[in-house]
Amino acid sequence: LSAARGIDRGTSSEVCPSQKVIPSLASICCRTLVDNLKKIKGSSSGSSSGMGCSDGWQVECIRTLLVAEFLRPNTEALFAEALDFLVKHFEEVFTGPTKRPRELYVAALPRHCLARMLAHDRLNVTSEKFVYDIVLTWARAQKMNPLDPDPLDALLGLVRFPLMAEADLEAIQKSPFF
């Protein structure tokens, strides 16, 4: 079939059309998602209570990060922008109406993305116990792959236990997980 169309796959020096299209699509997606993220940021500059009325903005933030991750390296700026936003609004994005971590949102994150957020010095949380709960929520949602024994250890290493309240540390030590 290739010969019938006059395509010589072995000697062609032309760039495959998809190699031209993918960066262009990534660029368009990147601009659209950055615009959406800026709208979300603009609406969050006031009180955070206005942000909590709908889950749409949280989903959009996570979706933006995941799209940027998928299309890397063409979307480094978008990835950095989304990561920065999620770090700044970490608790708002990942807290459900019951003030417990949203499993669905946490589960969607690749381990290395979650690790980058948790390692960030500007991670905006009111308590390290919440960070610990996020790590456990992620681990339960992933059903911990037996071929990869220490993803939990790596993420737990990013929890700043010395900053945790003494009562929280005692509760953790008494938990069946510890």
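The questions and answers below concern helix packing, cysteines and one proline in a predicted model.

Residues are numbered from 1 along each chain as its sequence is written, and side-chain values use heavy atoms, with hydrogens and water left out. Because the model is predicted, local features need pLDDT of at least 70 and side-chain atom pairs count only at pLDDT 80 or more, while totals for chains, interfaces and linings use all residues.

User: At roughly what angle do the axes of helix 2 and helix 3 cross?
Analyst: Helices are DSSP runs of H or I with at least four residues, numbered from the N terminus, and axes are lines fitted to C-alpha atoms over the stretch in contact, with angles from 0 to 180 degrees between N-to-C directions. The axes of helix 2 (residues 56-70) and helix 3 (residues 76-88) come within 8 Å, and they cross at roughly 145°.

User: How many nonpolar residues does the contact of helix 2 with helix 3 have?
Analyst: Contact means heavy atoms within 4.5 Å, and among the residues that meet are Trp57, Cys61 and Leu65 in helix 2 and Phe79, Leu83 and Leu86 in helix 3. Ala, Val, Leu, Ile, Met, Phe, Trp, Tyr, Cys and Pro count as nonpolar, Asp, Glu, Lys and Arg as charged, and the others, Gly among them, as polar. By these classes the contact has 1 polar residue, 1 charged residue and, as the number asked for, 11 nonpolar.

User: How are helix 6 and helix 7 oriented to each other?
Analyst: The axes of helix 6 (residues 111-119) and helix 7 (residues 128-142) come within 12 Å and cross at roughly 175°. Angles under 35 degrees count as roughly parallel, over 145 as roughly antiparallel, 65 to 115 as roughly perpendicular and the rest as oblique. Helix 6 and helix 7 are therefore roughly antiparallel.

User: Which residues in helix 6 meet helix 3?
Analyst: Helix 3 and helix 6 pack at an angle of about 55°, with their axes 10 Å apart, which makes helix 3 oblique to helix 6. From helix 3 come Phe79, Leu83, Leu86 and Val87, and these meet, in helix 6, Cys113, Arg116 and Met117.

User: Is Cys113 buried or exposed?
Analyst: Buried means under 20% relative accessible area, exposed over 50%, and partly exposed in between, for a 1.4 Å probe and protein chains only. With a relative accessible area of 0%, Cys113 is buried.

User: Where is Pro162, and what is its relative accessible area?
Analyst: Pro162 lies in the loop between helix 8 (151-156) and helix 9 (166-174). Pro162 is exposed, and its relative accessible area is 77%.

How values were computed
Helix = DSSP H or I, 4+ residues; strand = E, 2+ residues; numbered from the N terminus.
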